[in-house]
Amino acid sequence: MHFVSFTLQPPGGVVAAIYGQFSAAKAQEIVVARPGGVLELLRPDEASGKVVSVATTPTFSVIRSLAPFRLTGGSRDYVVVGSDAGAVAVVEFDAAANAFSRVHCEVFGKTGCRRGVPGQYVCCDPRGRALMVAAVEKQKLVYVMNRDASSNLTIGSPLEAHKAATVCFHAVALDVGFDNPTFAALELEYGDCDADASGEAVDETEKMLTYYELDLGLNHVTRRWSEPVSRTANLLVAVPGGDEGPSGVLVCGENWVAYKHEGHAEVRAPLPRRLGYPAARGLLITATATHRQRELFFFLLQSELGDLYKVTLAWAPGAGVSDVRASVFDCIFPCAALCITRTGLLYAAAEFGDHGLFQFQGIGDDDGAAAAAAVHDPELGDDAASAATVAPTFVASDRPKNLLLLDEPASCRAITDVHCGDLAGEEAPQVYALCGKGHRSSLRVLRHGVAVSEMAVSELPGRPSAVWTVRGRHDE
């Protein structure tokens, strides 16, 4: 017996989004996870400038995280899915079936979105050798990935990197070249807080940036390095390494962004603030994207207000990072995920309302953009008022300067109210829904029927007055 559940209207929201080459080599594709556990493969069409849905596969689960994974020397990416199934699933796109197929599904815990069961964070080694699946609390598992004699993907036994009484805020995989795979995590130990009834130990607890190293020779995971960071740190971004960058991570906190690495002093820069934004209110980064080319990389960080910041590093081989520069790039709607393609497109998955596919019109190098360089102040960010004094200000614009909107995939997320009735007198009820949030909210009318898709567009000279159909062949 099999139970199948499908919705009449497919979900339009996006929980997570990743970019890679999933169907073929050199393909420019995006995989999104939608509410209800739906995996969808999207492909930007350069001819029409639209986002085309290639395939949709329901997983009948709650997808918590996604990560692209590619074996060393491979030409296609796999998708690592963290869900509420209590297992890590590795899937690939099957072009013949036009759907995602499961390659591996390794069970490690109970089902459900539990704080002690891994799946909330998934990160993969850039060289395709290992992946880490982490929970909100305590548990972290590392899997070694390899090939068999038939060049099929194999997954090793889980290696534990647990730490009791520890909350994990974020985890990423470092780019360390072909050294042992290393993963970074933002952690906070609360063991002393539980033992202290007075509550004084809470203020003394430090948030730590910790490196976990997988020794491929000995096949075990160790905590290699740990250093305190600000209590407001909430997000990590991996920095390119090897011959392309200095490696390490960007640590995003309230009002600031900093570069940190083992054996390297912290370099911290404030985030420019909107003119008139309250000085006592903090500013958090909620979404990130990294653009990598030969001898060039930069980061796009988006704040909770929707402002995009371009972050660049001044570095030299062997000398480390000397400066972190955060400049205002553009202003768009707040996003749940950002993806930058190699062809110069930005896919922005909106938290509420329609999504957006943008084309880069510039890279934000104009001299008029508000920018902030590194400030040597260890207290920067811990106090919002002090951060506001050193951060430059800018005037928010309702129209992007460096981005050109190409397509707006529709989304009804989030529906706040619904009314069903035949208000238009069509002898069939319509569904009236209030969607979105803030200035992007909308009233949408949903009608039963078959959707019409646009197949081709041809410009006609002059002003046409009528349209006729003609035979394609003389024998029709």
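Predicted model: local features only at pLDDT ≥ 70, side-chain atom pairs only at ≥ 80, totals over all residues.

Reader: How much space lies in the second largest pocket, and which residues are the closest to its centre?

Author: The space comes to about 1600 Å³, and of the 44 residues that line this pocket, Q9, P10, P11, E40 and A410 are the closest to the centre. Two or more lining residues come from each of β3 (38-45), β4 (50-58), β33 (415-421), β34 (430-435) and β35 (442-446), and β4 gives the most, with six residues.

Reader: Why are β34 and β35 called a pair?

Author: Two strands pair if at least two bridges are found between them; β34 and β35 have five, in the antiparallel sense, and therefore they meet that cut-off. One of the residues concerned is V431, whose bridge partner in β35 is L446.

Reader: What makes β33 and β35 edge strands?

Author: The open sheet of three strands has the order β33-β34-β35, with antiparallel pairing, and β33 and β35 are its edges in that each pairs on one side only. Neighbouring strands of this sheet are turned by 20° against each other on average, if direction is ignored.

Reader: How do you know that strand β26 is largely enclosed by the rest of the structure?

Author: A residue is called buried when its relative accessible area is under 20%, and nine of the 12 residues of β26 (residues 320-331) are buried, so the strand is largely enclosed by the rest of the structure.

Reader: Which strands pair with β26, and over how many bridges?

Author: Strand β25 (residues 307-316) is joined to β26 by 10 bridges, and the two run antiparallel; among the residues involved, D307 has C331 of β26 as its bridge partner. With strand β30 (residues 371-372), β26 pairs over two bridges, again in the antiparallel sense, and the bridge partner of A326 there is A372. Since the cut-off is at least two bridges, the pairing of β26 with β30 qualifies as well.

Reader: Where in the hairpin of β25 and β26 is there a positive phi?

Author: That hairpin has three residues between its strands, and G318 takes a positive phi near 85°.

Technical notes:
Residues numbered from 1 in each chain as written. Heavy atoms only, no water. Buried < 20%, exposed > 50% of the residue type's maximum accessible area, 1.4 Å probe, protein only. Helix = DSSP H or I, 4+ residues; strand = E, 2+ residues; numbered from the N terminus. 1 Å grid on protein atoms, 1.4 Å probe; cavity = no way out; pocket = protein on both sides within 12 Å on 5 of 7 lines; lining within 4 Å. Points joined across faces, edges and corners; volume = space filled by probe spheres on them. Axes fitted to C-alpha atoms, helices over the stretch in contact; angles between N-to-C directions.
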